[in-house]
Amino acid sequence: MPTLGLIGAGHIGSQLARLAIANGYDVVISNSRGPETLAPLAAELGPRARAATPAAAAAAGDLVVVTIPLKAIHTVPVEPLKGKIVIDTNNYYPQRDGHIAELDNESTTTAELLQRHLPASKVVKAFNHIQAAQLTTDGQPKGSANRRALAIAGDDAAAKKTVANLIDRFGFDVVDAGPLSEGWRIQRDTPGYGPRRTAEQLRGDLAAAKRYRDMK
Ligand SMILES: NC(=O)c1ccc[n+]([C@@H]2O[C@H](COP(=O)([O-])OP(=O)(O)OC[C@H]3O[C@@H](n4cnc5c(N)ncnc54)[C@H](OP(=O)(O)O)[C@@H]3O)[C@@H](O)[C@H]2O)c1
């Protein structure tokens, strides 16, 4: 069975772990406080899940998700993620993360920051614009009418395809927002950030997105 490694096991990490287990993956969860603090979640997830350190979760994952406060991405282990696809769910909230000048002046995007930290990994932005609880309530089988869609962004076409397949398995259509540099189109305060959208609606939202500087 493929293994999903999770760095961060909070609202989003725990929900992605549940979806992965339900879809036949093995799961390795991690946080900053140590595997023992994740014993209740590991027990809930069952025998195909285990808790580990972030480095061990990174090493074990065929696919690895980074889903932690953005301000902590510099702590993500680099070496064990070399060559791997890394899914980035992170959003920028200055009140939580502190001010990051390059995001305030919109010269880069959240996922490009993670890509810079992980130069030998293939970062794909995903799962950043859906509320955690909805990950396990809004999925539907492929082909369902009005199926909810989620956006991805990334610079590696094959990595995007792999993540798109994962999202489809998890119950959602996929809309490609382009390279990581276009990830801002689905950042906080854009039209597609939060609401339930079909693929067609989400494509419209991405096209209509405005930079923060143009929102004033
Ligand atoms: N909540 C949502 O609905 C939602 C939706 C889309 C995207 N997001 C974004 O996804 C990311 C995660 O959100 P969340 O709501 O899941 O956050 P959360 O509930 O606060 O969970 C964060 C997780 O990361 C762990 N963590 C913190 N620092 C870490 C580090 N240095 N190394 C490893 N693990 C670390 C935390 O555990 P310890 O503190 O024990 O280490 C916790 O398990 C954020 O960037 C958020 O903006 C959230």
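Reply: Helix H1 (residues 11-22) gives the largest share of the lining of the largest pocket, namely three residues. Helices here are DSSP runs of H or I with at least four residues, while strands are runs of E with at least two, both numbered from the N terminus. This is a predicted model, in which local features need pLDDT of at least 70, side-chain atom pairs count only at pLDDT 80 or more, and totals for chains, interfaces and linings use all residues. Residues are numbered from 1 along each chain as its sequence is written, and side-chain values use heavy atoms, with hydrogens and water left out.

Back to the pocket: 20 residues line it, and His11, Ile12, Thr89, Asn91 and Arg96 lie nearest its centre. A pocket is found on a 1 Å grid over the protein atoms alone, as an open set of points with protein on both sides within 12 Å along at least five of seven lines; a cavity is a set where a 1.4 Å probe fits but cannot get out, and lining residues have an atom within 4 Å of a point. The volume of the largest pocket is about 420 Å³, a volume being the space filled by probe spheres set on points joined across faces, edges and corners. Its lining has eight nonpolar, 11 polar and one charged residues. For these classes, Ala, Val, Leu, Ile, Met, Phe, Trp, Tyr, Cys and Pro are nonpolar, Asp, Glu, Lys and Arg are charged, and the others, Gly among them, are polar.

Around the ligand are 23 residues, with His11, Ile12, Ser32, Arg33 and Thr75 coming nearest, where near means a heavy atom within 4 Å. That shell divides into nine nonpolar, 12 polar and two charged residues.

The side chain of Arg33 places an N or O atom 2.4 Å from a ligand oxygen. Polar backbone atoms take part too: one of Ile12 is 2.8 Å from an oxygen atom of the ligand, and an N or O of Gly10 lies 3.1 Å from one.

Conventions. Polar contact = N/O pair within 3.5 Å; in protein donor to acceptor, adjacent residues only side chain to side chain.
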